[in-house]
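Student: Hey, can we go through this one together? I'd like to ask things as I go.
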Amino acid sequence: MKKSLFLFYFLVFYASAQLIWWGYMLVNFEPERKGMIFGEGMIFMFIFIWGALRLKRQFKEEYRTHQQQQNFLLAVTHELKSPLASVKLYLQTIQKRDLDREQQRMFLSNSLKDIERLDYLVENVLLATKLENRSFSFPKEDFNMSELVADVVDRLQKNACKTEIIKPHVEQDVILYADKFAITNVVTNLIENAVKYSPPCAHIEVNLFPKENSLVFSVSDHGIGVSDEEKKLIFNKFYRVGNESTRKTKGTGLGLYIVKTVLQKHNASIRVKDNHPSGSIFEVTFYNYAK
């Protein structure tokens, strides 16, 4: 990156110096046309500098995208390797040791959770790829949004704490017209993010309720929160929130990008608000129940 920028600055300096030199030579050669040469030279210099600055910004954006893609590949590799290693260890233990039925059931249950994690990761990557295709359309249908949210909450509910982490407040039998698979992905991503960036055993509130002609789904946490500057960036592809310590948290940077893109295609919107005393509230609004 530094070598490329040095070469870029050198070429800009060399071209500018040549332009000034040739302008000076022309003025000496035809002094009666000094005003015209000076005016056209200034216009050309302005266009040249403007183009150079645009090129520099584009170059930096390409470099940033390249770095994000590299980080994404590293994250995906880690996300794939960890559950695979865990499943392998569980199965080898069952195979080599004489375990009682209860231990076998526990190991198999943990293996299934890791496989579900792999399946969710693959679904995220595939859905992100489909969303890049502008001709892709979602197969929409009527389904029970209340049951969907309840199922996702039940699947993600943590059992390590005595207190209940995810606290659902869901209006019963709410029907939504949308792509059920894509909306399941949206709900899962938002709740998983809240769990991921919250302190251990913190309470997370999940709400679903009608409001006038719209349906509101919100997830509130008491985690690290999102700064005002990052609120504009978190829905970008591969972007991850926070400093280096928070970026050690598992994730690929695709979740919120998928959420925003899916909702844009479902007559819906999302906004991020500050929670008090800490944390964030992600609020999704389905207009006319997405019809």
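Student: Is Phe 107 buried or exposed?
Tutor: Phe 107 counts as buried because its relative accessibility is 16%. Buried means under 20% relative accessible area, exposed over 50%, and partly exposed in between, with a 1.4 Å probe and protein chains only. Keep in mind that this is a predicted model: local features need pLDDT of at least 70, side-chain atom pairs count only at pLDDT 80 or more, and totals for chains, interfaces and linings use all residues. Residues are numbered from 1 along each chain as its sequence is written, and side-chain values use heavy atoms, leaving out hydrogens and water.

Student: OK, how many aromatic pairs are there?
Tutor: One aromatic pair, where rings of Phe, Tyr and Trp (its six-membered ring) pair if their centres lie within 6.5 Å. The rings of Tyr 90 and Phe 107 have centres 5.2 Å apart and planes at 50°, so the pair is tilted; under 30 degrees counts as stacked, over 60 as edge-to-face and the rest as tilted.

Student: And where do those two sit?
Tutor: Tyr 90 is in helix α2 (residues 34-96) and Phe 107 in helix α3 (residues 101-131), 17 residues apart. Helices here are DSSP runs of H or I with at least four residues, strands are E runs with at least two, and both are numbered from the N terminus.

Student: What about Leu 11, where's that?
Tutor: Leu 11 is in helix α1 (residues 2-29), and at 48% relative accessibility it counts as partly exposed.
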